[in-house]
Amino acid sequence: MIKCQYTCSIVKNQKMTSRLFCLSLKAPGFVQRVLPGQFVHVRVANGLKPFFRRPFSIFRAQKTVDILYDVVGLGTRILSEKKKGESIDCLGPLGISFRLPPPGTKQVVMIAGGVGVAPFLALTDVLKKEKYQLVLLYGARDKDHVFSLKEFRKNGCQVHIATDDGSHGVKGRVSALFSKINLKMPTYIYTCGPKPMIKCVQDLTRTQHLSGQASLEEVMACGVGVCLGCSIKTTKGFRTVCHDGPVFDLQEIIL
Amino acid sequence: MSMKLNVSIGHIQFQNPVTIASGTFGYISKYAKSADIQKLGAFIPKTITLAAREGNPSPRIVETASGMINAIGIENDGLDHFLAHKLPDLAKLKIPLIVSVSAYQHNDFETLVTRLSQEESVSLIELNLSCPNLKHARLIAQDPAATQEVVAALKKISAKPLIAKLSPNVTDIAAVAFAAQEAGADAVSLVNTFSAMAVDVHRRRPVLGNVTGGLSGPAIKPIALKMVYDVKKRVTIPIIAMGGIMTAEDALEFLIVGATMVAVGTANFVDPQTPLRVLQGIKAYMKQHRVSDIHDIIGSLRTS
Ligand SMILES: Cc1cc2nc3c(=O)[nH]c(=O)nc-3n(C[C@H](O)[C@H](O)[C@H](O)COP(=O)(O)OP(=O)(O)OC[C@H]3O[C@@H](n4cnc5c(N)ncnc54)[C@H](O)[C@@H]3O)c2cc1C
Ligand SMILES: Cc1cc2nc3c(=O)[nH]c(=O)nc-3n(C[C@H](O)[C@H](O)[C@H](O)COP(=O)(O)O)c2cc1C
Ligand code: FES
């Protein structure tokens with residue numbers, strides 16, 4: 001009864017690290033519709049457990065629609081056991097995409113916490129066509145959550161990594177990386193990750209008068225803006241993450 | 001074999017008994033396939049109130065075993081916005097439109113019903129009575145006397161058939177349904193969600209921003225079914241049944257115990273195709289059992 005439901009076949013379900021997987025999906029007419037920042041809402045099991053679909057950002061949309069996911073619970077564990085050739089029911093692409101930086105922007109800094117890095121590969125696929133300096137600040141729990149970021153480097157991105165335990169890159173939070181980079185104003189920010197990190201980025205950028213966009217996560221039921229279950233507070237009132245977002249102006253989110 | 005699936009409430013005819021439950025398909029979203037929605041018996045948008053409502057703090061939903069708890073809080077933009085911005089698209093649907101309303105003051109109910117009565121594209125009005133009964137610390141639908149009073153007053157001013165939507169959070173739902181019938185309701189719909197909650201044990205805090213919410217989905221189906229069975233024994237007006245319908249078999253259970261129509265709610269979030277699959281499955285069942293008229297299924301439960 002809705003326009004964006006696809007039965008996808010699994011082209012690949014690749015283990016990237018001991019924790020992260022990359023699932024490649026294919027369905028006629030699917031990949032062509034994807035814009036960077038959008039997500040897919042995946043029915044991981046046909047039975048009642050887990051009951052809800054699971055939302056994942058689109059990591060890359062070239063020949064296939066790819067998602068990068070961390071195995072954190074039942075749904076992602078079931079997903080990690082899927083084999084090439086199996087089919088899977090997806091709604092997507094959903095939500096609004098990242099908007100381009102304002103004219104005159106020299107530098108784009110992407111600040112990612114954990115798998116919040118996922119939507120930025122598709123974003124750099126678009127941004128690399130412009131003349132921005134691209135910087136990715138990636139904060140992960142430990143080295144098991146750090147995958148090869150060569151695709152980002154290929155897109156001309158400088159990559160800085162921090163881990164909570166120092167097992168890879170700088171020890172500490174991704175916000176600590178931010179204070180270390182040279183800002184080449186005008187700088188524009190994109191961020192995605194856990195809420196405390198987004199809050200921290202909001203505070204950092206507010207003091208430096210930087211603007212940008214944030215992609216948010218919220219537990220979802222419908223994924224298409226009809227249940228009003230994923231609403232968050234913004235300066236414009238309640239907005240749904242699935243339909244009005246997941247991308248919002250960094251400063252309009254009330255955390 | 002020709003099959004008759006059409007049913008009616010008051011003078012309104014529906015091409016088949018399958019519809020959706022309020023609050024689970026929004027209004028008409030940009031993703032909706034109108035051609036598919038028009039295969040259903042009716043469309044019911046999310047409940048509206050007279051003034052806009054912000055709704056509850058997040059988190060508003062939580063997944064549970066075979067279901068979910070929600071505390072949305074009837075977030076909506078109010079009647080004026082609905083009439084100006086939602087109704088024009090809904091009016092294009094070639095199936096009856098049932099508009100669900102709720103109010104926190106008696107006067108608001110009257111204004112909603114009066115104004116919607118003037119809209120040609122509105123076929124029926126559903127009264128979501130799961131709102132506080134201001135005279136008592138209960139919901140209107142938890143009090144047969146209050147239900148009777150509200151329905152009777154609105155029946156006098158409504159130009160459209162009225163459906164009373166009942167709460168399952170009562171001892172005797174049949175008594176409330178009977179009160180609605182006595183007050184002139186043209187149909188009853190049941191059930192709304194069951195009061196429920198979930199706790200985050202690590203933080204020792206309620207999961208929902210509103211602390212409590214309402215349980216829906218397959219987890220409630222057997223209880224909802226028994227309630228429809230009980231109500232059918234007390235009333236003669238049509239029943240619109242809902243509560244955990246995921247499959248045609250679920251829907252048939254409700255029809256067999258006496259529902260005239262069935263509504264798919266939470267299942268839309270799992271698979272938006274569910275209402276159509278339910279409709280297809282009912283047709284397949286009728287073929288298999290050589291039933292030519294849906295009325296030969298409705299209320300056909302054999303107990304001896
Ligand atoms: C728009 C959006 C994009 C996302 N993109 C990605 C992505 O690219 N890669 C990725 O690995 N994950 C992403 N997530 C998070 C992902 O949806 C959850 O990790 C997943 O639903 C967990 O399912 P589970 O059954 O494995 O875990 P569960 O057993 O359901 O939960 C395990 C843990 O994950 C948390 N969680 C559950 N659902 C969500 C959710 N919807 N959002 C945030 N946290 C949740 C729970 O609170 C719990 O702490 C995204 C979420 C949203 C809303
Ligand atoms: C997210 C959500 C929002 C709902 N909103 C409304 C509403 O606005 N008005 C209403 O009468 N019922 C509302 N309901 C209740 C449903 O219409 C239905 O009565 C109930 O969920 C039981 O059916 P189900 O198990 O098939 O979902 C809502 C239910 C859910 C899950
Ligand atoms: S998940 Fe239903 S509105 Fe966002």
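Colleague: To begin with ligand 1, which backbone N or O atom lies 2.7 Å from an oxygen atom of that ligand?

Modeller: First, the conventions: this is a predicted model, in which local features need pLDDT of at least 70 and side-chain atom pairs count only at pLDDT 80 or more, whereas totals for chains, interfaces and linings use all residues. Residues are numbered from 1 along each chain as its sequence is written, chains are lettered from A and ligands numbered from 1 in the order in which they are written, and side-chain values use heavy atoms, with hydrogens and water left out. A polar contact is a pair of N or O atoms within 3.5 Å; within protein, one must be able to donate a hydrogen and the other to accept it, and residues adjacent in sequence count only if both atoms are side-chain atoms. Here the atom belongs to A:P55. Ligand 1 also has an oxygen atom 2.5 Å from a polar side-chain atom of A:T76, and a nitrogen atom 2.9 Å from a polar backbone atom of A:S57.

Colleague: How many residues surround ligand 2?

Modeller: A residue is near a molecule if one of its heavy atoms lies within 4 Å of it. Ligand 2 is surrounded by 21 residues, with B:S22, B:T47, B:G217, B:G244 and B:T266 the closest. Oxygen atoms of ligand 2 lie 2.8 Å from a polar side-chain atom of B:K165 and 2.8 Å from a backbone N or O atom of B:G217.

Colleague: What are the domains of chain A?

Modeller: Domain bounds come from an automatic or database domain assignment. For chain A the assignment gives domain 1 (5-94) and domain 2 (107-214), whose C-alpha centres are 24 Å apart.

Colleague: How much area do domain 1 and domain 2 of chain A bury between them?

Modeller: The size of an interface is often given as the accessible area lost when the parts come together. The area is taken with a 1.4 Å probe and summed over both parts. The two domains of chain A bury about 1400 Å², 64% of it on carbon and sulfur atoms. On the side of domain 1, A:P36, A:F59 and A:R60 lose the most area, together 38% of what that side buries.

Colleague: Which side chain meets that of A:R60 in a salt bridge?

Modeller: A salt bridge is a side-chain nitrogen of Lys or Arg within 4 Å of a carboxyl oxygen of Asp or Glu. The partner of A:R60 is A:D125, at 2.9 Å from N to O. Across the interface of the two domains of chain A, the rule finds two salt bridges.
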